[in-house]
Amino acid sequence: DMIELIITSKDGHLLVKSETLDAVSKTFGDCELSVFFDKKSENKNRKQMGYYFAGIVKGAADYFGWTADDMHSHLKEVCNKKELVDKNGEVSYIGASTRPLSKREYAEFVNRCIVYLAEKGYDCGEPIRTEDANAL
């Protein structure tokens with residue numbers, strides 16, 4: 001499982017609401033947690049990311065018997081390819097980061113994921129109308 005927390009850094013201190021920490025504790029129970037920090041993206045929004053991770057990645061991972069992290073990596077590799085050419089001209093592909101994508105580009109990525117997963121037998125709903133991406 002994975003949850004996103006928005007933590008504010010102000011004057012050298014991290015500000016976290018106690019109810020946020022309580023929610024984390026209830027979600028994961030007694031265990032050690034790994035925490036990663038990344039500057040919040042101004043490109044895509046939480047609603048888009050929530051739809052992608054909770055509505056697409058989690059369901060598809062469960063359907064195929066994979067972890068959510070593996071499904072996310074796979075979808076980036078298939079639906080957000082980045083071409084690399086080595087010094088000998090040989091082409092390789094990797095899954096590119098979705099961090100720099102604009103709202104519209106992220107909506108297009110999500111739609112490619114929806115179509116791809118449907119082709120593989122997992123129906124996660126209708127694609128988002130790209131022109132509505134900014135409304136998300």
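**Notes on the predicted model**

1. The count of salt bridges in this protein comes to one, under the rule that a side-chain nitrogen of Lys or Arg lies within 4 Å of a carboxyl oxygen of Asp or Glu. Please keep in mind throughout that the model is a predicted one.

2. The salt bridge joins Lys-58 to Asp-62, and the closest N and O atoms of the pair are 3.0 Å apart. Both Lys-58 and Asp-62 belong to helix H2, where they are separated by four residues, or about one turn of the helix. Lys-58 has a relative accessibility of 37% and therefore counts as partly exposed, since that class lies between the 20% limit for buried and the 50% limit for exposed.

3. Helix H2, which covers residues 46-64, also packs with helix H4, residues 103-119, at an angle of about 20°, and the axes of the two helices are 11 Å apart. Because angles under 35 degrees count as roughly parallel, H2 and H4 are described as roughly parallel to each other. The crossing that H2 and H4 make is left-handed.

4. As for the overall fold, the protein contains four helices and four strands, and along the sequence these follow the pattern β-β-α-α-α-β-β-α. Of the 136 residues in the protein, 24% are buried.

5. On the surface, Leu-14, Val-16 and Leu-21 form a nonpolar patch, and together they have about 260 Å² of accessible area. Val-16, one of the patch residues, sits in the loop between strand E2 (13-15) and helix H1 (18-28).

Conventions: Residues are numbered from 1 along each chain as its sequence is written. This is a predicted model: local features need pLDDT of at least 70, side-chain atom pairs count only at pLDDT 80 or more; totals for chains, interfaces and linings use all residues. Side-chain values use heavy atoms; hydrogens and water are left out. Patches are made of residues with over 30% relative accessible area and no salt bridge: like charges are joined within 9 Å, nonpolar side chains (Val, Leu, Ile, Met, Phe, Trp, Tyr) within 5 Å. Accessible areas come from the Shrake-Rupley method with a 1.4 Å probe; for residues, only the protein chains shown count as cover. Axes are lines fitted to C-alpha atoms, for helices over the stretch in contact, and angles run from 0 to 180 degrees between N-to-C directions. Angles under 35 degrees count as roughly parallel, over 145 as roughly antiparallel, 65 to 115 as roughly perpendicular and the rest as oblique. A crossing is left-handed if the near helix is turned anticlockwise from the far one by less than a right angle, and right-handed if clockwise. Buried means under 20% relative accessible area, exposed over 50%, partly exposed in between (1.4 Å probe, protein chains only).
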